[in-house]
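Good morning, colleagues. Please look at the sequence and the structure as they come up, and I shall then take you through selected parts of the two chains.

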Amino acid sequence: MYQEYHALQTSHNVTGLLIAWNNGDEAALEQLVPIVHDELHRLARRYMGGERLGHLLQPTALVNEAYIRLMGWKNVEWKNRAHFFGVSAKLMRGVLVDFARKRPRHAGHTAPHVSVDEACLVSERAGDDLVALDDALTSLAAIDERKSRIVELRYFGGLSNEEIAGVLHISTVTVIREWNKAKAWLYRELSSRP
Amino acid sequence: MHTERWAQIDCLLDQVLERSPETRVDFLATTCVGDDELRREVESLLEAYSHSGSFLGTPVLELAARQLAGERNVSLVGKRLGPYEVISVLGVGGMGEVYLAWDERLNRKLALKFLPHQFTRDTNSVMRFELEARAASALNHPNIITIYDIGEMAGTYYIAAEYVEGQTLRQLIERGPMRAKDALAICSQVASALDAAHQAGLVHRDIKPENVIARPDGYVKVLDFGLVKLTERGLGEATPTPRGSHRTHPGTVLGTVAYMSPEQASGMGVDHRSDLFSLGVLMYELLTGVVPFKGDSIASILDAIVHHQPEPMISGSCQLNVEAQRIVNRALEKDRDLRYQTASDFRAELKRLQRELDSAAMMTVVESSKLNESKPSTMVITKPVITIGSVIIVLATLYSVWLLSWKEIKPSPWLEASSTQVTDFPQEELFPSMSPDGNTVVYSRRSDGDWDIFTQRVGGFNGRNLTESSSADDTQPAFSPDGGYIAFRSERDGGGVFVMGASGEQVRRLSDRGPAYHPAWSPDNQEVIYTEDRIRDPRNRGVVPHRLWAVNIKTLEKRLITTKDAAQPQWSPNGHRLAYWASDESSQRDIWTMSATGDSVVQVTNDPATDWNPVWSPDGNHLYFVSDRSGGMQVWRVAIDERTGRALAEPELVPTPSAFSQHISLSRDGRRLAFANVSLKRNLYRVEIDPRSEKVIGEPQAQTQWSRQGMDLDLSPDGKRLAYTTVADTREDLALLDCNGSGEPQWLTDDEYKDRGPRWSPDGNRIAFYSTRSGNFEIWLINADGTGLRRLTETGADRAFNPLWSPDGKRLNFTNIKGETWIIEVDKPWREQTPQKLNPEGEPASRFWPAAWSPDGRKLLGWSDLNQQSPGLTVYSFETDRHETISDFGSASMAWLQDNRRALFTVDGTVFLTDTVTKKHHLLFSSAPDTIRGFRLSSDNRWLYYIRESVGADIWLVQQK
C-alpha cells in the first residue's frame, strides 16, 4: 500500500526530472537514480517472488512497467513508441552505470554488481565492467552512432532485434549485422584495456 | 579515429564476414594492398568477432533485476554446496540460474541448475519432473544431456547435469541465419534425441533454441526434458487463452510461446507430435533467423500459431531449396495428423536433404511466389475437434509407430558368433591383420630372440615367417586394402615403418629413421599413415607430443597431418576421416575422429573409461574399439556417421571369449574379427645383488601373487616397506606393502582419482605422489599412516607429474606438461614458493625427465630424447647446469648406486648397470621375455625390488554366423 502511494507521489517529480535529463540536465540523473532504483528493486522482487512466472520476466516488461508506474504512460507526451523505448534504454544505462560507478563508496548498499559477460571472457581484465562498457559505448557513439544506439537499446533496454528494427526504422537483418559488429568492436575495446 | 575511416573499416568488415572463414585472409590481403593499418584493424575486429559470441548475451537489466530481487547468483560463486564447488555463473534463464560447478568426488565439471521456488512448491509435480528427467537421461542418448543428480539443498531443488561446453542455439541464432548445412545437422540431431525420447514415451514439450546446446565440434545436446511440466500449471494461469482479452506490455518478447504447437496454444492435450512442430519452428528460425509465428503480444503469437501460415522462408544470406521448405511445411502442419508422425520420419527427411546438399553442394534459390502459389499467406484453420474416432486413429498410429521402431532396432550380429583360436604359441602373438578375404592373418611373434611377422591361414596351425632374414624386431603388420602389401614397423636400420609384398618380398623403407609406429593404409592403397607414438599399454603413456604423418608409398613423399595427440590412427573406408584415440588434459583416453587433413576434430567417446585401438568397419557404419568400460579390456563398437565422424548411438559390446582383447582387425565383409587375447600378470620380485662384483646372487624370488596390478613402486628408506600404485579398471590407488610380500596391503587412497608415482620422503615419514584429485595432475603429500593429505602444487593448466625428493628431504622436483622440470621447497605453501626451473637457458630442457637424485644431491639422472633418434639416459649436473648423455637406449626406470657414480636402468626385461663416467654399461640380469615395470634398490644396494610383467597373447577370431 505504501509503495503504491509512494509511486504515485513521485510520479510527477520523476517526469520532470526525466524531461530535464533528456534535455541535457545531467544533475537530474543524480536525483532519478535512487527513485528508479527503488522502483526497480520493488518490481524485481515482485517478479521474482512468484507473483509472476519466470517465463514472463522479460527485461522490457520490467523497464516498461517501471516507467509506466513511475510516470504514468498518459502523463507524458511521448512522441512515439520509439521515443519511449529510446529514452527508457538510455535511462537504464544511466542508472545502472551510475550504480556501478558508485558501488565502492556505497558499501553494503544493494547496488547491482553486474558482470558484462557471464562467460567471464572479458570481465577479468575489464575490471569495473559496466563502467568500462559505458565508456567504450561512448567512444563507439563518436564514430558510429547507430551501433551505439543498437547496443543501448538491446543491452540496456532489453529490446529484441525486431523491436530495435522498429525503433530505428531499419531491417532486422541490419540490426543483427550491426549488433554483431558492435559487439566485436566493444569486445576488442574492453579486452585491450590495461 | 575519423568517422570516414571507420565507415571504410565497417564496410570492409561486412564484406569479409560475408565470406567463408577460409577465404577471408586472402580476400583481406588483396583488398588492403598498401594499407596495412586497414588490414590490421579488420583482422583484430574479426578476431574479436570470433570471441564475442556470448558477450553481452543477457540484457543487463535481467541480471540486475535478479540481483536487486536478492537472488543468489552472485553469492554462490566460489561456495561449496555438498560435494559441489561452484565455479562460475553459466546463465540465468526463466527456469532458474545455472552454474558451472566442480564435483570433488567424481572429479568432473558439471552444470548445476537451481529451480526457482515457485516451481517446486508442489511436491507431486517435482516428483513427476524428476521421473521424467531421469528417464530421458537414462536413455543414454548422445544428443540428450545426461543428468547426474537431482536433489534438494537448503530447501532449493537442483539438477546436476553434464556440463556441455558450447553455445545455446539462441546464442547462435543471434548471429543471424545459419548455413543450411549446419541447420540441418543440428535439426537432425535434435530429431534423433526426440526419437529416442518419444520411443520411451517421453514428450519434451519445450523445444526451443534455449534448450539446445551446440558444442564447438558440432554435436548438439537437448536439455531440460520434463522440466516444462513443472511450470505447466503456472503457465496455464499466466498465459491468456488466444481468445481471451488481455493487456500486453509494449515490446514484451515471449520466448517460449513462439515455439508452441497449435495444440499447446489452444490448451489441448499434447503428444509427441507437438515436439515435432516445435522442431519445425526451430528449423525455420535456424534457416531464416526469424521465427515463423510473430506477434506483438502473447495473444497475437498464439493466434498466428493456430490460424496463420508462416511466410515462406526467404533469407538474404541463406539459399534454400524447395525441399527444405517442404520439410518445414510438413512439420508446421496445424493438424498434427498431417505432420511427420515420428521424429525418425522427420530425421530421415532431414538426413536425405543433408545428403543431397552434400552431393550437390548447392541449393537452388526458389522464388517466393512459386512456393506460395499453393497456399494463401493467411489461412484460417478450423480448430480440430477431438472425437473418439480421432483418438483411435492417434492410438493406431502410435501403435504402428511402435511396431516400426521396434523393427528398426536390430540385435548386434556379433551376439550370435562363433570364436576360434588361431595361434597357440608360448609367449605373445600380437597385432593380427586380416587379409581382405578374411582367410589369412598376419601377426607378430617372437622367434629366435627377435619379433618377426608371420602369415597364417585361418584354420591352419603353422605360420610362415615373412621377416626371417631380419634379426631386428618386426611388428605391427597391416595388410593393404587390396591385399597386395603389408606395411609394418621394423627396428632394422635405425627403425621405422617399412612395406613389403604380401609374401615378404621387396622390403622398402617408408618413413625416416626413428619413431614411426602403427602404420595404417589409405583406402586407395596409395598412402600409409603412422604416428611417432608406440602404444604398448594404453593406460601408461608419455606426455611428449607426437606427430601424425602420411607417406605416399610410391613417391615416398611425406606430409604432416597433425601435431595433435592421435594414437593408432585408422583411415575410414571412404577416405575422408581418420579415427584415433587421444589422452585429454585429465588423462582421459577417448576415441576421436578428424578429417584426413587433420581438421574438424570430433569426439566420439567421452567417459572415464580407457577407449583405444579404433578400427572402422569396412562399410563405414561402425567404429570398433577396445575399452575397459565394463571391466577387463573388451571389444566395443559404436554406430558412426562416416562422413562427419560423429557417433550415432551408444557403444555396444562385441562379445569375445577373452577378458583382455586388443589389436583388432576386420575382414572386408565385416563378418570376421581377429584380435589378440592377452593374459597379463604383474608381480613384485626381489633379487640380491653384489655391487662390488656387479653380479646377481641367487635367483629372483616372487614376493606377491597379485590379482590387482601394481605399478610405480618405491621402497621406504628403511627398506622394509613398498609404496606402489595399484591399477584396477579405471582406478589407480596408492598402497603400502611389506617388502617380503607378507600381510595385507595398506591402502593409502581409495577413490575415483588417479594416484600415481608414490615416492617416500628420505626420513620415511611422508609420501609424495601425483594425483588428479583437484582436476589436473598436481603433486600431493600424504603421511605414511594415511593422514595429513595435502596439495603441494597449484600449476593449473601446466600440471605436475613425477615428484622426486632431494636427498635432504627439503626440496622436491616435478615435471610439467611442457616437459619442464621445476624444483620447489617441500614445507612452504604454494603461494610462498619461488619455483626454480631446471636448466632455464641451456639446451631445450623440455625433453628431460628426471628419475633420480644422486645420493649427494649434486646430479639428476633421467631419461631424455634430446637425441630424437636414440633417446636414452642423461645426467644433469646442478654444478655445471648441463646435461650429459650417458646412453642411447634405456627406459625411464633407473636408480643411482651409493657411490654417486654408477646407476641401474632397464630396457624391457633387462637390467643394466652403467658407469656414468666411463659410460660403459653391462647387463646385470634379465627376466626376458617378461618386462620389468619399475624397480628400486635398497639403500644398502643389496636388494633389487622390481615389478615383473609376464604377458601371454594368442590370436583369436570371432565369426558372425
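Predicted model: local features only at pLDDT ≥ 70, side-chain atom pairs only at ≥ 80, totals over all residues.

I begin with a hairpin in chain B, formed by β55(B) and β56(B), where five residues lie between the strands and N941(B) takes a positive phi near 60 degrees. Helices and strands here are DSSP runs numbered from the N terminus, with at least four residues of H or I for a helix and at least two of E for a strand. Residues are numbered from 1 along each chain as its sequence is written, and chains are lettered from A and ligands numbered from 1 in the order in which they are written.

R936(B) has Y945(B) in β56(B) as its bridge partner. How many residues of strand β55 (residues 931-937) of chain B are buried? Seven of the seven are, so the strand is largely enclosed by the rest of the structure. By buried I mean that 20 or more other C-beta atoms lie within 10 Å of the residue's own; with 12 or fewer a residue is exposed, in between it is partly exposed, and the C-beta atoms are placed from the backbone.

Let me place this in the setting of the whole chain. Chain B has 15 helices and 56 strands. Of its 961 residues, 45% are buried. Among contacts in chain B with a separation of 6 or more, 50% are between residues 24 or more positions apart. A contact requires that the C-beta atoms of two residues, placed from the backbone, lie within 7 Å.

Two open sheets of chain B deserve mention. One has four strands in the order β39-β40-β41-β42 (chain B), with antiparallel pairing. At its edges are β39 (755-760) and β42 (790-791) of chain B, each pairing on one side only. Strand β40 (residues 766-774) and strand β41 (residues 776-783) of chain B pair in the antiparallel sense over seven bridges. I767(B) has I782(B) as its bridge partner in β41(B).

The other sheet has three strands, in the order β7-β8-β9 (chain B), again with antiparallel pairing. Its edge strands are β7 (167-168) and β9 (220-222) of chain B, and each pairs on one side only. Strand β8 (residues 212-214) of chain B pairs with β9(B) in the antiparallel sense over three bridges, and V212(B) has V222(B) in β9(B) as its bridge partner. Helix α7 (residues 180-199) of chain B lies across β8 and β9 of chain B, at about 40 degrees to β9(B). Axes are lines fitted to C-alpha atoms, for helices over the stretch in contact, and the angles run from 0 to 180 degrees between N-to-C directions.

I turn next to a single residue. Is S480(B) buried or exposed? S480(B) is buried, because 23 other C-beta atoms lie within 10 Å. S480(B) is in the loop between β15 (474-479) and β16 (485-490) of chain B. Leaving aside residues up to four places away in sequence, S480(B) touches Y485(B), W521(B) and N525(B). S435(B) is 45 residues from S480(B) along the chain, and their C-alpha atoms are separated by 8.1 Å.

Chain A has nine helices and zero strands. Buried residues make up 47% of its 194 residues. Its mean pLDDT is 64, and 44% of its residues reach 70 or more; pLDDT is the predictor's confidence in each residue, from 0 to 100. Over residues 48-59 of chain A, pLDDT stays under 50, and the model has 31 contacts beyond four places in sequence for them.

Finally, I come to a contact between the chains. The axes of helix α9 (residues 172-191) of chain A and helix α3 (residues 36-51) of chain B come within 8 Å and cross at roughly 100 degrees. That makes α9(A) roughly perpendicular to α3(B); angles of 65 to 115 degrees count as roughly perpendicular, under 35 as roughly parallel, over 145 as roughly antiparallel and the rest as oblique. From α9(A), the contact involves N180(A), A184(A), W185(A), Y187(A) and R188(A), and from α3(B), S44(B), L45(B), A48(B), Y49(B) and H51(B).

Methods: Pairing = 2+ DSSP bridges.
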